[in-house]
Amino acid sequence: MHQVVALVRPPQSTFELACAAQVFGVERSGLHTRYGFSVCSERPGVVGTLAGYDMLVADGLDALDRADTVVIPGWLPTGDPPSDAVVQGLREAHSRGARVVSICSGAFALAHAGLLDGRRATTHWAQVDDFAARFPNIQVEPDVLYVDHGDVATSAGAGAGFDLCMHLVRADQGARYAAHIARTMVMPPHREGGQAQYFASPGPAQIDGTLAPLLEWIIKRLGDPVTIDDIAAHVGVSGRTLARRFAEQLGTSPGQWLLAQRITAARDVLESSDLPLDAVARRVGLSSATNLRRRFLDALGTTPGAYRRTFRAEPSEPPTVPTRARP
């Protein structure tokens, strides 16, 4: 059982905490429970929230000693550095191999603890300038939903906390396990694009209708040799206009989005079938086992065969995943 411990402080944002609790702390019918979830605070007892009620937190910082993943679900006010005890607790958890994760403003706590020095990180788009000014040794990524280094991970605004938590589940347990959780929450298992989709635009947005119907049309044809020119022709626009719409609405290019969908589909087929790699590649539109291997290695840092051995499982019993090794 992978133990996830959320470290809260007043005034605690209940939404950021709920992101982690909903993903890691809910037992779901038909899915073997792989995570335990608990909450701790530097000062156990009553913890005020931003939602107009108080929480009663029983555990103190010693709960971090049993954590496999520590989550900082926001840190407000961002100008208040964590105490020496909190910094020590985070550093000790990290040094013994626990994964340390922040949601939204929680990145400020990790930065104060020195866990992000010399690394890439992100936080809410409205806080990135302040974050970059305070922590010049950190490479701030303003237009991503999350950054994962394996041992340390940060997410953008509160909603991106779901994206990061789902990404971590996908990395720990595989795409099918994560997809099951996503279905119970009625949300996509992977959200495209970055924070640019949600910035307040300095001028009127030029978006010519939603891409949703087109994306659905593409998904149904992943196994076909659909090209970017085919997609543009289907909606009657130029390749340049198609690229602009994808950049505006999804924060990525049509080619990158299409490849990501094919990789995701390949992961699902590898987990749920014994099809040869050539057949898997053809089913998801990657043409050959050689191309599948190359794309898989570029995207996930592993081979299709190794991925299948790790995540292949019967539907009623997801696989036991080895403990994450720190890079």
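Which residues is Trp217 in contact with, leaving aside its neighbours within four places in sequence?

1. Trp217 is in contact with Val226, Asp230, Ile231 and His234, its neighbours within four places in sequence left aside; contact means heavy atoms within 4.5 Å. Between Trp217 and Ile231 there are 9.1 Å from C-alpha to C-alpha, and the two are 14 residues apart in sequence.

2. This is a predicted model, in which local features need pLDDT of at least 70 and side-chain atom pairs pLDDT 80 or more, while totals for chains, interfaces and linings use all residues. Residues are numbered from 1 along each chain as its sequence is written, and side-chain values use heavy atoms, with hydrogens and water left out.

3. Trp217 belongs to helix H7, residues 212–219. Trp217 counts as buried because its relative accessibility is 18% (buried is under 20% relative accessible area, exposed over 50%, partly exposed in between, with a 1.4 Å probe and protein chains only). In the protein chain, 48% of the 327 residues are buried.

4. The protein chain has 13 helices and 10 strands (DSSP runs, H or I of at least four residues for helices and E of at least two for strands, numbered from the N terminus).

5. Helix H1 (residues 14–24) and helix H5 (residues 158–173) have axes that come within 9 Å and cross at roughly 25°. The axes are lines fitted to C-alpha atoms over the stretch in contact, with angles from 0 to 180 degrees between N-to-C directions. H1 and H5 are therefore roughly parallel, a term for angles under 35 degrees.

Conventions
Parallel < 35°, antiparallel > 145°, perpendicular 65-115°, else oblique.
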